Amino acid sequence: MDQSDIVETAHALADAARDATLPWFRTKNLQAENKAASSKPFDPVTRADRAAEEAMRKVLAERRPDDAILGEEFGATGGRTGLTWVLDPIDGTRGFLTGTPTWGVLIAISDENGPFYGLIDQPYIGERFEGGLGRAEMSGPHGRRSLATCGNRPLGEANLFTTFPEVGSKTEGEAFRAVADRVQFARYGMDCYAYALLASGQVDLVIEAGLNAYDIQAPIAVIEAAGGVVTDWRGGPAHHGGQVVAAAGRMQHKAALGILSDFV
């Protein structure tokens with residue numbers, strides 16, 4: 001496996017997605033379709049989502065045509081190498097639609113054991129977080145620096161993020177609130193940017209449910225490379241999605257699991 005080619009390809013994918021998404025961000029003529037079977041919940045997709053994934057797939061067709069692909073908008077494409085590129089062209093389309101710079105492009109590459117390298121890219125801010133293959137760093141307008149989580153901290157001193165206050169089902173929402181009652185404070189609506197902040201040492205916990213593989217594989221790779229922990233609510237692998245808890249340290253992770261386990 002050519003690690004340098006994987007890293008270069010991942011950055012080429014992120015560059016292509018930036019070029020495809022930014023012309024649509026904060027424009028007045030962007031329309032969204034609802035992918036959900038009913039009007040609620042609203043699960044939007046836009047021309048920007050599709051354009052970004054198409055642009056990334058074109059890069060892969062040119063650079064790594066034998067690898068498999070799993071993308072949010074165009075599904076799975078088989079490969080012959082045992083490697084799969086996992087793509088979310090816009091994680092946080094609701095944020096994209098409302099002009100908040102909390103959305104991002106998620107890119108991971110995985111094998112049979114899960115993701116081993118990933119990128120979280122925020123095109124509008126110009127920040128890029130990468131982890132895996134011996135790398136854990138971010139780059140952006142203020143330069144480049146290493147990524148490291150804040151490490152262990154008691155739950156009562158921790159901060160907690162999630163995207164939706166409802167989290168998932170009624171029971172999953174109750175589980176989240178049980179942890180939220182024990183932390184210093186909770187915040188909402190950050191999409192994938194919360195995972196990037198956790199990897200960069202700003203956030204202690206992110207707890208979510210109802211995720212897909214393309215929502216979480218890039219954050220797993222980045223956070224683990226930065227010294228954090230990502231599992232499902234039972235403490236098992238989370239790369240297939242579902243109920244996920246990401247923690248800056250094992251202390252926060254163990255405390256959160258101790259609460260969440262009562263609800264799974």
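Author: A pocket is an open set of grid points with protein on both sides within 12 Å along at least five of seven lines. The model discussed here is predicted.

Reader: What volume does the largest pocket have, and which element gives the largest share of its lining?

Author: The largest pocket has a volume of about 800 Å³. Of its 36 lining residues, D43, R94, F164, G210 and L211 are the closest to its centre. Strand 5 (84-91), helix 3 (93-98), strand 13 (205-211) and helix 6 (213-225) each give two or more residues to this lining. The largest share, four residues, comes from strand 13.

Reader: How many Å apart are the end C-alpha atoms of helix 2, and what span should its residues have?

Author: Helix 2 covers residues 47-63, which is 17 residues. At 1.5 Å a residue these should span 24 Å, and this agrees with the distance between the end C-alpha atoms, 24 Å.

Reader: Which residues of helix 2 are buried, and what arc do they cover around the axis?

Author: Burial in helix 2 applies to A48, D49, A52, E53, M56, R57, V59 and L60. Because they cover only a limited arc around the axis, these residues lie on the same side of helix 2; the arc is 165°.

Reader: Which residues are exposed on the other side of helix 2, and which residue caps its N-terminal end?

Author: The exposed residues on the other side of helix 2 are R47, K58, A61 and E62. At the N-terminal end, a side-chain oxygen of the capping residue lies 3.1 Å from the backbone nitrogen of A48, and that residue is T46.

Reader: How many aromatic pairs does a search of the whole structure find, and how many residues apart in sequence are the parts tied together by F129 and Y193?

Author: The search of the whole structure finds six aromatic pairs. F129 and Y193 form one that is edge-to-face, with 6.2 Å centre to centre and 75° between the planes. F129 belongs to strand 8 (residues 127-132) and Y193 to helix 5 (residues 193-199), so the pair ties together parts whose separation in sequence is 64 residues.

Reader: Are F129 and Y193 buried or exposed?

Author: A residue counts as buried under 20% relative accessible area. On that criterion both F129 and Y193 are buried.

Reader: What geometry does the pair of F176 and Y188 have, and is Y188 buried or partly exposed?

Author: The pair of F176 and Y188 is tilted, at 6.0 Å centre to centre and 55° between the planes. F176 has a relative accessible area of 0% and is therefore buried. Y188 has a relative accessibility of 41%, so this residue counts as partly exposed.

Notes
Residues numbered from 1 in each chain as written. Predicted model: local features only at pLDDT ≥ 70, side-chain atom pairs only at ≥ 80, totals over all residues. Heavy atoms only, no water. Expected span 1.5 Å × (residues − 1). Buried < 20%, exposed > 50% of the residue type's maximum accessible area, 1.4 Å probe, protein only. Arc of directions from axis to C-beta. Polar contact = N/O pair within 3.5 Å; in protein donor to acceptor, adjacent residues only side chain to side chain. Phe/Tyr/Trp six-rings, centres within 6.5 Å; stacked < 30°, edge-to-face > 60°. 1 Å grid on protein atoms, 1.4 Å probe; cavity = no way out; pocket = protein on both sides within 12 Å on 5 of 7 lines; lining within 4 Å. Points joined across faces, edges and corners; volume = space filled by probe spheres on them.
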